[in-house]
Amino acid sequence: MKLFDAHHHLWDLGAVDYLWLKQLGVPKPFGDPTPIQKDYLPQHFLDDVSGAEDVFLVGSAHIQVDGALADPVSETSWLSKLSKSGIPSVIVGFVDLTKEDAEAVLKNHLSFDQFRGVRQIIGFLEQRPDLSFTKEHLLRNSSWRENFALLSKHNLSFDLQLYPEQMKEAAEFLVGFPNVSVVIDHAGSPYEQTDSGLRLWRDGLSVLAKLPNIHIKLSGFGMYDSDWSSESSLLLFQTILDLFGAHRIMWGSNFPVDGLVSSYSFCVNQMMKWISPLSPDEQGLIASGTAKKFYRVT
């Protein structure tokens with residue numbers, strides 16, 4: 001089966017000044033990052049991919065790594081040199097939409113042909129600073145809200161990483177941007193998998209799913225469930241499939257982050273088990289087709 005990895009990372013600690021990757025052992029919302037705080041280059045990625053059977057990698061989307069980069073375009077510039085080998089196929093970079101220079105930074109990103117969109121993580125829980133990726137509700141920041149319109153102006157997508165508690169508020173905001181293609185990262189971050197936690201997650205996703213321009217990634221399951229399996233996460237997949245349909249679902253490995261808990265082949269195998277009852281067309285959409293269309297890969 002053709003596979004397009006819609007969410008992975010690469011890094012060279014000598015080429016780009018990643019801050020969190022150099023802060024050895026400092027806990028992250030997804031756990032202890034120590035084992036991955038070292039170079040992760042295309043060959044490392046391809047070595048991981050090679051362990052997966054019955055799939056053929058046809059491309060990938062690189063998602064920004066560090067929102068604290070002094071010059072986020074430096075990452076896109078470095079990646080553009082790598083992409084000549086085909087990995088990554090497209091680049092999703094970082095832009096701080098709270099800043100006055102947001103459009104200037106966007107234009108610098110756009111000087112690279114592989115640039116397709118922006119991710120600025122908005123995942124924030126007031127009572128859980130240990131899980132928060134930012135220090136404020138960016139959805140309530142007036143500058144952020146205003147600069148979000150730049151994505152429509154420049155025909156760029158947005159990777160939306162947030163928590164279930166933020167979903168309804170995000171939907172209320174995003175209804176005003178029907179021309180911006182949005183994809184929810186990491187299955188909507190279902191960090192609390194109790195009955196009440198999953199109900200909150202499903203309710204939030206159901207509101208977002210009503211907006212036809214919003215898609216979702218099957219990725220990041222290992223961030224909040226170190227024992228995840230195709231069985232333990234089957235309810236999550238079935239809920240996502242019911243709400244979004246195969247034409248708005250894409251798969252991503254979240255490597256090397258999910259490599260903290262699972263192998264690449266494990267992640268692929270879980271996806272393959274989930275989609276096995278679906279039609280060949282639906283399987284193809286989730287494994288590669290949806291992502292290629294979303295990220296405009298020819």
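Reader: How much space lies in the second largest cavity?

Author: Rolling a probe the size of a water molecule over the atoms shows where empty space is left. Here the second largest cavity holds about 40 Å³ of space. A cavity is a set of points on a 1 Å grid over the protein atoms alone where a 1.4 Å probe fits but cannot get out, and lining residues have an atom within 4 Å of a point. Its volume is the space filled by probe spheres set on the points, which are joined across faces, edges and corners. This is a predicted model, where local features need pLDDT of at least 70, side-chain atom pairs count only at pLDDT 80 or more, and totals for chains, interfaces and linings use all residues. Residues are numbered from 1 along each chain as its sequence is written, and side-chain values use heavy atoms, with hydrogens and water left out.

Reader: Which residues line the second largest cavity?

Author: Pro190, Gln193, Gly220, Phe221, Tyr224, Asp225, Ser233 and Leu236 line this cavity. They divide into 4 nonpolar, 3 polar and 1 charged; Ala, Val, Leu, Ile, Met, Phe, Trp, Tyr, Cys and Pro count as nonpolar, Asp, Glu, Lys and Arg as charged, and the others, Gly among them, as polar.

Reader: What volume does the largest cavity have?

Author: The largest cavity has a volume of about 50 Å³. Its lining includes Gly220 and Phe221, along with Trp228, Trp251 and Trp274.

Reader: Let's turn to charges. How many salt bridges does a search of the whole structure find?

Author: Side chains of opposite charge can pair when their charged atoms come close. The search finds 7 salt bridges (a side-chain nitrogen of Lys or Arg within 4 Å of a carboxyl oxygen of Asp or Glu). One of them joins the side chains of lysine 153 and glutamate 103, at 2.7 Å from N to O.

Reader: How far apart are the N and O atoms of arginine 119 and aspartate 185?

Author: Those side chains meet in a salt bridge at 3.6 Å, N to O. Arginine 119 lies in strand S4 and aspartate 185 in the loop between strand S6 and helix H7, so the pair ties together parts 66 residues apart in sequence. Helices (H or I, at least four residues) and strands (E, at least two) are DSSP runs, numbered from the N terminus.

Reader: Is aspartate 185 buried or exposed?

Author: Aspartate 185 is buried, with a relative accessible area of 0%. Buried means under 20%, exposed over 50%, and partly exposed in between (1.4 Å probe, protein chains only). Lysine 217 is also buried, at 0%, and forms a salt bridge with aspartate 185 at 3.5 Å between the closest N and O atoms. Salt bridges that share partners join Arg119, Asp159, Asp185 and Lys217 into one network.

Key. 1 Å grid on protein atoms, 1.4 Å probe; cavity = no way out; pocket = protein on both sides within 12 Å on 5 of 7 lines; lining within 4 Å.
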